[in-house]
Amino acid sequence: MPKIETLKDLRVWAVEAAPEARQEDVEFLLAERLNFTPSEFELKQDDQLTPDQLKQAQKDIKKLAKGTSPQYILGYSWFYGYKIMVQRGVLIPRFETEELVAWALEHLQTGDKVLDLGTGSGCITVALAKEAAKKGITALNLFASDVTDAALRTSEENFLTYNIDVTVRKANILIGLEKFDTIISNPPYIKETERNIMDQNVLQNEPKEALFGGKDGLNFYQKFAKQVREHLNSHGEFFLEYGFSEKKQLEELFAKELPDFTVEFKNDMAGKPRMVYGKWNK
């Protein structure tokens, strides 16, 4: 092993030691452990490392080289500016989902009863609750559901960390749940046929039930469209994320199953169709 004294030395060694890892994952992991922002990480390349810092970094990079996601190595991810605890068996929060939360915040009102459907780590509920409070939207009645115990345990820990009062339910889509004013979800939507083009790191680390939505990626939406009327209050709304290639099929599905809903599709910041909003006109 080469002599490592500075952050620059460590960075060079880390990239070589984990050749299969993406460079941005290497840099994210090192910066987080050293408690540096991305800009600080670049500015402090000549900083000397302590023996403890070096030992921890070498341990982390060995895990990264074996294919473990940096967020699982750290035990947390960032979402909407909030540190969210994650572990294997729970989906790592995605930047795109922040845009779904921002859209829902435009509609949320004081006193609304809100369901985070397929909550995973609970990141959507944490961001919604904290950001709504900043906007003066209070007294939200928050619910979070998921089909796996691992997700429910992790989400409850995150709710506890942020002192958010949330009712947690185990449920398969909406079966057994009550009525809500707002339902928000980042459901599984990847097509089975896309498995061979996916990042191996994602396949190796993240829960399949949170990723794949059946052959055409639409399993969740087909069931949701048939169930949603029984679980929305009058003029209730939903916000869903979806795969950018699925817009046409979802337009057809919602036109057929939810003709009494106002449905609106929205592109993400990259210009790809990614989110859909529905409001019951009843």
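1. The chain exposes about 13,900 Å², of which carbon and sulfur atoms supply 50%; the area comes from the Shrake-Rupley method with a 1.4 Å probe, and for residues only the protein chains shown count as cover. This is a predicted model, in which local features need pLDDT of at least 70 and side-chain atom pairs count only at pLDDT 80 or more, while totals for chains, interfaces and linings use all residues. Residues are numbered from 1 along each chain as its sequence is written, and side-chain values use heavy atoms, with hydrogens and water left out.

2. On overall form, the radius of gyration of the chain is 21 Å, which agrees with the value near 19 Å that a compact globule of 282 residues would have; the radius is taken over C-alpha atoms, and the globule rule is 2.2 Å times the number of residues to the power 0.38. The C-alpha trace spans about 70 × 40 × 35 Å along its principal axes. The secondary structure comes to eleven helices and nine strands, where helices (H or I, at least four residues) and strands (E, at least two) are DSSP runs numbered from the N terminus.

3. Of the 282 residues in the chain, 53% are buried, a term that means under 20% relative accessible area, with exposed meaning over 50% and partly exposed in between (1.4 Å probe, protein chains only). Among contacts (heavy atoms within 4.5 Å) between residues at least 6 apart in sequence, 69% join residues at least 24 apart. The mean positions of the 37 positive and 44 negative charges are 3 Å apart; Lys and Arg count as positive and Asp and Glu as negative, His and the chain ends not being counted, and each charge is placed at NZ of Lys, CZ of Arg, CG of Asp or CD of Glu.

4. Helix H6, residues 95-107, has as its buried residues Thr97, Glu98, Glu99, Leu100, Val101, Trp103, Ala104 and Leu105. The cover over the buried residues of H6 includes strand S1 (76-79), helix H7 (123-134), S6, strand S7 (232-241), strand S8 (261-267) and strand S9 (273-280).

5. Threonine 97 of this group also meets asparagine 186, whose side chain makes a polar contact of 3.3 Å with the side chain of threonine 97. A polar contact is a pair of N or O atoms within 3.5 Å; within protein, one must be able to donate a hydrogen and the other to accept it, and residues adjacent in sequence count only if both atoms are side-chain atoms. Asparagine 186 lies in the loop between strand S6 (180-185) and helix H9 (200-205), and is buried at a relative accessible area of 16%. Not counting residues up to four places away in sequence, asparagine 186 touches Leu91, Thr97, Leu117, Ile124 and Glu241.

6. Aspartate 116, in strand S3 (residues 113-117), counts as buried at 1% relative accessibility. Its side chain is joined to that of threonine 119 by a polar contact of 2.7 Å, and, leaving aside neighbours within four places in sequence, aspartate 116 is in contact with Gly122, Ile124, Thr125, Phe143, Ala144, Ser145 and Ile184.

7. Serine 155, found in helix H8 (residues 149-161), is buried at 0% relative accessibility. A polar atom of the side chain of serine 155 lies 2.9 Å from the backbone oxygen of leucine 152, and the contacts of serine 155, leaving aside neighbours within four places in sequence, are with Thr119, Gly120, Ser121 and Gly122.

8. Leucine 142 has its place in strand S4 (residues 141-146) and is buried, with a relative accessible area of 7%. Not counting residues up to four places away in sequence, leucine 142 touches Val114, Thr125, Ala129, Ile164, Asp165, Val166 and Thr167; the C-alpha atoms of leucine 142 and alanine 129, 13 residues apart along the chain, are separated by 8.3 Å.

9. Asparagine 163, in the loop between H8 and strand S5 (166-170), has a positive phi near 55° although it is not a glycine, and is exposed at 72%. Isoleucine 173, in the loop between S5 and S6, has a positive phi of about 55° without being a glycine, and counts as buried at 11% relative accessibility.

10. Glutamate 252, in helix H11 (residues 247-257), is partly exposed, with a relative accessible area of 45%, and its side chain makes a polar contact of 2.8 Å with the side chain of lysine 248.
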